[in-house]
Amino acid sequence: MASTAPFAKMNGIGNEIIVADMRGRADRVTPAAAIALNADAATRFDQIMAIHDARTPGTAFFIDILNSDGSGAQACGNGMRCVVQALAAETGQKTFTFETVAGILNAREHADGSISVDMGTPRFGWQDIPLAEEFRDTRMIELQIGPIDAPVLHSPSVVSMGNPHAIFWVDRDVWSYELDRFGPLLENHPMFPERANITIAQVTSPQTMVIRTWERGAGLTKACGSAACASVVAAARTKRTGRSASLLTPGGGTLHVEWRDDDHVILTGAAEWEFSGSFDPSTGIWARDAESAA
Ligand SMILES: N[C@@H](CCC[C@H](N)C(=O)O)C(=O)O
């Protein structure tokens with residue numbers, strides 16, 4: 001295997017994450033490597049979080065994010081918590097400032113092991129999301145799927161958390177919707193020129209909701225952090241909840257989101273290490289470390 005890099009297979013309440021240590025290297029994890037890693041059941045993942053040397057003074061690392069289809073992503077809240085847990089375990093440091101393609105973000109590991117990530121500020125302009133056509137009010141846009149006179153899902157709120165999100169509000173149990181069928185159609189709908197992450201959300205109280213997400217470039221996931229942030233922001237904008245809520249996710253885990261008065265969105269939850277190994281960032285050929293062999 002040529003020029004391998006260490007990695008840790010982790011998860012953020014079920015969101016499958018590979019944290020790749022690309023520090024000290026000039027190359028990047030290729031889309032082909034991502035697709036190869038995802039094709040192997042042992043390393044199947046939703047996102048790769050590749051840690052690179054810092055590009056900007058005042059930041060510790062640059063984080064490159066890849067979806068399992070090899071495409072790039074601007075944000076990944078659950079993955080950022082995995083990165084923080086890995087770096088905190090290595091360095092003993094508790095607070096970090098990172099840079100991603102979407103900008104600079106701060107994160108902190110708390111004494112109880114939970115991790116908070118400042119996901120930045122949401123954007124609501126139709127060009128920011130982006131949408132293919134103008135909507136002056138993105139709290140609810142005209143978009144539906146299913147029979148024209150009895151749509152299954154309709155009128156989503158749309159939000160950019162650096163990445164595009166559409167939130168469809170539902171009254172019934174989120175498991176009663178065929179998100180595996182509608183998710184790909186909506187992700188690739190002409191309304192979303194850069195595709196979109198598709199979430200169905202059932203508000204269960206002014207402080208709680210249940211969400212399921214079809215992730216752009218990854219499909220159905222057990223959790224999506226930026227979708228949780230987008231859901232709380234959209235719910236607060238439409239007066240469905242307050243600015244702080246707990247979200248139950250398909251893996252059974254809970255995320256906490258607070259949309260602070262300074263407009264920053266804080267995502268808090270757990271992260272878990274599974275095993276470590278090394279891989280070739282150009283091909284995805286990998287090997288498990290002896291001490292974490294199953
Ligand atoms: N799982 C992530 C979001 C992943 C990015 C997404 N698929 C995209 O392409 O925008 C999270 O926890 O935020």
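The structure is a predicted model, in which local features need pLDDT of at least 70 and side-chain atom pairs count only at pLDDT 80 or more, while totals for chains, interfaces and linings use all residues. Residues are numbered from 1 along each chain as its sequence is written, and side-chain values use heavy atoms, with hydrogens and water left out.

**Helix α1**
- Helix α1 spans residues 31-39, and A33, A34 and L37 are buried in it (under 20% relative accessible area, 1.4 Å probe, protein chains only).
- Seen down the axis of α1, these buried residues fall within an arc of 100 degrees, so they line one face of the helix (the arc is that of the directions from the helix axis to the C-beta atoms).
- The cover over the buried residues of α1 includes strands β2 (15-21), β3 (47-53) and β18 (272-279) (contact means heavy atoms within 4.5 Å; helices are DSSP runs of H or I, at least four residues, and strands runs of E, at least two, numbered from the N terminus).

**Helix α3**
- In α3 (residues 179-187), the buried residues are L179, F182, G183, L186 and E187.
- Viewed down the axis of α3, its buried residues fall within an arc of 130 degrees, so they line one face of the helix.
- Among the elements covering them are β11 (164-169), β12 (197-205) and β13 (208-215).

**Ligand**
- Of the 15 residues around the ligand, N15, E215, R216, G225 and S226 come nearest (a residue counts if one of its heavy atoms lies within 4 Å).
- A polar backbone atom of G225 is 2.6 Å from an oxygen atom of the ligand.
- The ligand taken alone exposes 370 Å², and the protein buries 100% of that (areas by the Shrake-Rupley method with a 1.4 Å probe).

Methods:
Buried < 20%, exposed > 50% of the residue type's maximum accessible area, 1.4 Å probe, protein only. Polar contact = N/O pair within 3.5 Å; in protein donor to acceptor, adjacent residues only side chain to side chain.
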